[in-house]
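Biologist: I am new to this structure. Please take me through its charged side-chain contacts.

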Amino acid sequence: MDDNLSSISEELADTEGKINDIFRALSNGFQKLEKIKDTNRKSRQLEELTDKMRDCKRLIKEFDREVKDLEGVNDSNTNKMLSEKKQSMIKELNSYVALKKQHASNLGNKRIDLFDGPSENYGEDNVLLASNMTNQQLIDSGNRMMDETDEAIERSKKVVQETVNVGTETAAALKAQTEQMSRIVNELDSIHFSLKKASKLVKELGRQIATDKCIMALLFIIVIGVIAIIIVKLVNPNNKDIQDIPGLAPPVQTQSRRLLWNSS
């Protein structure tokens, strides 16, 4: 049969192989469980078998999805054969579920429902034994569980997409803030440079003003000295201790003026 599935789809053949491996492991595991006497060891073995049944359930769902993808390609006989194979897998898995329930009840442990999901209609009380279920019931039950799993996956995808969107928006906001901080740092550097340049100009202007003040003070002293000399010469023109200032000495009387004075 694996060869037939390989001719239809390599993925179907691979999935069926994995499911058959799990069924063999479950069969060997329950045989081993019968021989275990220690309660703790039996409980741990039962948990391991429950994990394998969960993996098997997941693989059967994958098998069903692959079959649905190929429905439009395969003929009716092939689709019927694949549907019967899926039903056979579900029957066998449910038989292990019932066996696990029996061992869990013997151990006095609360059963961990293999078919747990978002709906409460698939709890322990509603799990039917494979021997009491018709093929249509098995198909409907399996399809419902797979549909609910698909819905849960879609919800998870939406949550992941929303998380990605939030992360993208956060990254964009951080990038904008980083660019804004960079601009602020550049502006601060420019302001610091301007302040240094202004401080240097103030110092140079201060030195220039101090030099101008010294020159003005010296000119003021000179002007005061010249004014003092002029005043003294005007008040006491015959004072020989003070030299005449060029341009301010009294006019010298010439000989002709003396003769004219004497004749008069």
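Biologist: How many salt bridges does a search of the whole structure find?

Modeller: This is a predicted model, where local features need pLDDT of at least 70, side-chain atom pairs count only at pLDDT 80 or more, and totals for chains, interfaces and linings use all residues. Residues are numbered from 1 along each chain as its sequence is written, and side-chain values use heavy atoms, with hydrogens and water left out. A salt bridge is a side-chain nitrogen of Lys or Arg within 4 Å of a carboxyl oxygen of Asp or Glu. Searching the whole structure gives a count of 9.

Biologist: Which parts does the salt bridge between D64 and K86 tie together?

Modeller: The N to O distance between these side chains is 2.7 Å. D64 lies in residues 39-69 and K86 in residues 76-107, so the pair joins parts 22 residues apart in sequence. Helices are DSSP runs (H or I, at least four residues), numbered from the N terminus. The parts are helix 3 and helix 4.

Biologist: Are D64 and K86 buried or exposed?

Modeller: Buried means under 20% relative accessible area, exposed over 50%, and partly exposed in between, with a 1.4 Å probe and protein chains only. D64 and K86 are both buried.

Biologist: Which residue forms a salt bridge with D150?

Modeller: The closest N and O atoms of the pair are 3.3 Å apart. D150 lies in helix 5 (residues 135-235) and its partner in helix 3, so parts 85 residues apart in sequence are tied together. At 28% relative accessibility, D150 counts as partly exposed. The partner is R65.

How values were computed
Helix = DSSP H or I, 4+ residues; strand = E, 2+ residues; numbered from the N terminus.
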